[in-house]
Every structure is written in structure tokens, then in C-alpha cells.
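Here is a friendly walk through one protein model, from the overall fold down to single side chains. Keep the sequence and the 3D view at hand as you read.

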Amino acid sequence: MARINDVGGTQGFGAIDTTDDTEPFHADWEARVVGLYNTLRAQGIFNTNEFRDAIESMPPADYLAASYYERWFTAICALLERKGVLAPGELDD
């Protein structure tokens with residue numbers, strides 16, 4: 001079963017932007033998301049496979065509308081709820 005992230009051979013996504021972008025982050029919050037990911041993974045809250053699965057399990061419309069690090073943040077929040085670190089809906093406000 002293909003997930004939304006598996007777009008190989010799919011038509012309609014337009015050209016790939018191959019511009020060389022030397023900046024790893026375009027906003028401070030993106031770097032914080034990477035730091036959060038590294039910290040939580042190092043503490044054993046989740047592993048890389050769980051994180052990847054959480055990204056790939058996003059609803060297709062949400063996945064396509066999100067930026068790279070928005071997907072990371074969404075996955076982290078989902079995993080923290082799934083693991084009981086956060087109560088469901090705790091971050092909704």
C-alpha cells in the first residue's frame with residue numbers, strides 16, 4: 001500500500017526545484033524542531049522508524065500542505081501523544 005510520501009511516477013506535482021540552497025534552516029523554529037527531535041530520540045521516547053512512520057501516516061492533504069519541518073513537528077506531536085508524554089489535544093491551544 002503506497003502512502004502519500006511515495007509519489008514516484010505520480011504526475012501533476014510540477015518540476016522539482018533544484019536550486020542549491022546552502023541554508024539548513026529558514027526560520028529559528030525549524031532548528032528548534034530538529035533539536036527537539038534529537039533530544040527526544042536520544043532519550044528513547046521514540047526511534048527513527050517510529051518517527052518516519054508518523055510522518056508517512058499524516059493525512060494526505062496535511063502532508064502535501066506542510067513544509068518539511070512542519071511534517072517533523074506534526075510527527076513529534078503525534079508521537080508524544082501516542083507515547084503518553086502529552087495528553088491528547090494538550091497542544092491544541
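Predicted model: local features only at pLDDT ≥ 70, side-chain atom pairs only at ≥ 80, totals over all residues.

Residues are numbered from 1 along each chain as its sequence is written, and side-chain values use heavy atoms, with hydrogens and water left out.

Let us begin with the overall plan. The protein chain has four helices and zero strands, and its elements run α-α-α-α from the N terminus on. Helices here are DSSP runs of H or I with at least four residues, strands are runs of E with at least two, and both are numbered from the N terminus. Of the contacts with a separation of 6 or more, 61% are between residues 24 or more positions apart; a contact means heavy atoms within 4.5 Å. Buried residues make up 24% of the 93 residues, where buried means under 20% relative accessible area, exposed means over 50%, and partly exposed is in between (1.4 Å probe, protein chains only). The accessible surface of the chain comes to about 6700 Å², and 52% of it belongs to carbon and sulfur atoms. Such areas come from the Shrake-Rupley method with a 1.4 Å probe, and for residues only the protein chains shown count as cover.

Now look for charged pairs. A salt bridge is a side-chain nitrogen of Lys or Arg within 4 Å of a carboxyl oxygen of Asp or Glu, and by this rule the count comes to two. In one of them, E50 pairs with K83, with the closest N and O atoms 2.6 Å apart. E50 lies in helix α2 (residues 48-56) and K83 in the segment after α4, so the pair ties together parts that are 33 residues apart in sequence. E50 is partly exposed at 25% relative accessibility, and K83 is partly exposed at 37%. In another, the side chains of R52 and E56 meet at 3.0 Å, N to O. R52 and E56 both lie in helix α2, four residues apart, or about one turn of the helix. Here R52 is partly exposed at 40%, whereas E56 counts as buried at 18%.

What about a charge without such a partner? E30, found in helix α1, is buried yet has no salt bridge, and the nearest side chain of opposite charge, R32, is 10 Å away. Lys and Arg count as positive and Asp and Glu as negative, with His and the chain ends not counted. Leaving aside its neighbours within four places in sequence, E30 is in contact with F25 and Y69. Another buried residue is C77, with a relative accessible area of 16%, in helix α4 (residues 68-82).

Patches are made of residues with over 30% relative accessible area and no salt bridge, joining like charges within 9 Å and nonpolar side chains (Val, Leu, Ile, Met, Phe, Trp, Tyr) within 5 Å. The place of a charge is taken as NZ of Lys, CZ of Arg, CG of Asp or CD of Glu. D17, D20, D21 and E23 form a negative patch; E23 lies in the segment before α1 (28-42). A nonpolar patch is formed by W29, L36, F73 and L91, with about 350 Å² of accessible area together. W29, in helix α1, is partly exposed at 34%.
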